[in-house]
Amino acid sequence: MDDDPKNYVFAGIYNHPTPDLYYQTLMKKYRMNERCDMGQKFASKYLLPLFAQWARELGRPLLFLDFLSCFGNDTLIYTNSYSKADFEATWGSVETCHTLIRPRTFPVKTWAIDVSSNAINFGLKAGIFDEGLAANVNNLSGEEIELVKRKCIDANILIINCIMNVKDAVLFDVFDWFSMGKQPGMLVIGLFYPCDGVERLAEIKKKLVEKFDIFNSIPAFYRELLREREGAQCRVEYLEAEKIDFKMVIL
């Protein structure tokens, strides 16, 4: 296998029936698990307490949408507080990958969409997703578009961690639909320089700030941790969550 991940043919990994191959080839070898670990630390400090508060105030489980979910690693980070060690203990082996070693940290119902039917089926079987749809988001049927639109409008939490293969028109529709929701909401989105295209990302960021307020960013949180380790005083500026309805976290 080529050692450069950008040259991989990912179909074999994403269509594998379990995430152990995904974990060994991408999460572990290319240190995506380190990024997961940082997401877990960030979520534990800023997001999970907020999500638990929203669920108490609304008196019902929150609705969580993982857009391009793959096997559900982002869902596990932001619902079950999965860390690098947790993924190692479970996804490192086909024998343990269906075992959830941490419960959900707040009342939530999860829904996922991904092109890989095997990834969706795994997430459903493992209890990561409560519901899911295997579909190409760039080529949805009319019925599927209406379903995704409704799910976006109803969602309290929307995770989009891979935009590389999503058409801008589709992405902007998802932003628009999510912003139509009437309940508290948080968009967590991953933007990758330069893979997603510098000019493209500039347009996407412009669209995002037109629709949502920035709550925080994981790169800023990472800088905060580094400064704390060095003994420096540092505070990351972020908007008070209760003052705005729709917010955004940049991964």
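**Entry 1: the model.** I noted before anything else that this is a predicted model.

**Entry 2: H2 against H3.** I reminded myself that two packed helices are described by the angle between their axes and the distance between the axes. For helix H2, residues 20-28, packing on H3, I found an angle of about 85 degrees and axes 6 Å apart. Angles of 65 to 115 degrees count as roughly perpendicular, and H2 and H3 are therefore roughly perpendicular to each other. I then looked up the residues that touch, and found that Tyr22, Tyr23, Leu26, Met27 and Lys28 of H2 meet Met32, Asn33 and Cys36 of H3. Sorted by type, the residues of this contact between H2 and H3 are six nonpolar, one polar and one charged.

**Entry 3: H3 against H4.** How are H3 and H4 angled to each other? Helix H3, residues 32-58, and helix H4, residues 73-80, pack at about 45 degrees, and their axes lie 8 Å apart. I wrote down that H3 and H4 are therefore oblique to each other. On the H3 side I listed Cys36, Gly39, Gln40, Ala43, Leu47, Leu48 and Phe51, which meet Asn73, Ile77 and Tyr78 on the H4 side. The residues of the contact of H3 with H4 divide into seven nonpolar, three polar and no charged.

**Entry 4: H4 itself.** Which residues of H4 are buried? I found Asn73, Asp74, Thr75, Leu76, Ile77, Tyr78, Thr79 and Asn80 to be buried in H4. Eight of the eight residues of H4 are buried, so H4 is largely enclosed by the rest of the structure. Just after H4, I noted that Ser81 takes a positive phi of about 60 degrees.

**Entry 5: a strand residue.** Lastly I looked up Ile214, which I placed in strand E6, residues 213-217. Ile214 has 41% relative accessibility and therefore counts as partly exposed. Ile214 and Leu187 are 27 residues apart in sequence, and I noted a distance of 9.4 Å between them in space, C-alpha to C-alpha.

Definitions and conventions:
Residues numbered from 1 in each chain as written. Predicted model: local features only at pLDDT ≥ 70, side-chain atom pairs only at ≥ 80, totals over all residues. Heavy atoms only, no water. Axes fitted to C-alpha atoms, helices over the stretch in contact; angles between N-to-C directions. Helix = DSSP H or I, 4+ residues; strand = E, 2+ residues; numbered from the N terminus. Parallel < 35°, antiparallel > 145°, perpendicular 65-115°, else oblique. Contact = heavy atoms within 4.5 Å. Nonpolar A, V, L, I, M, F, W, Y, C, P; charged D, E, K, R; others polar. Buried < 20%, exposed > 50% of the residue type's maximum accessible area, 1.4 Å probe, protein only.
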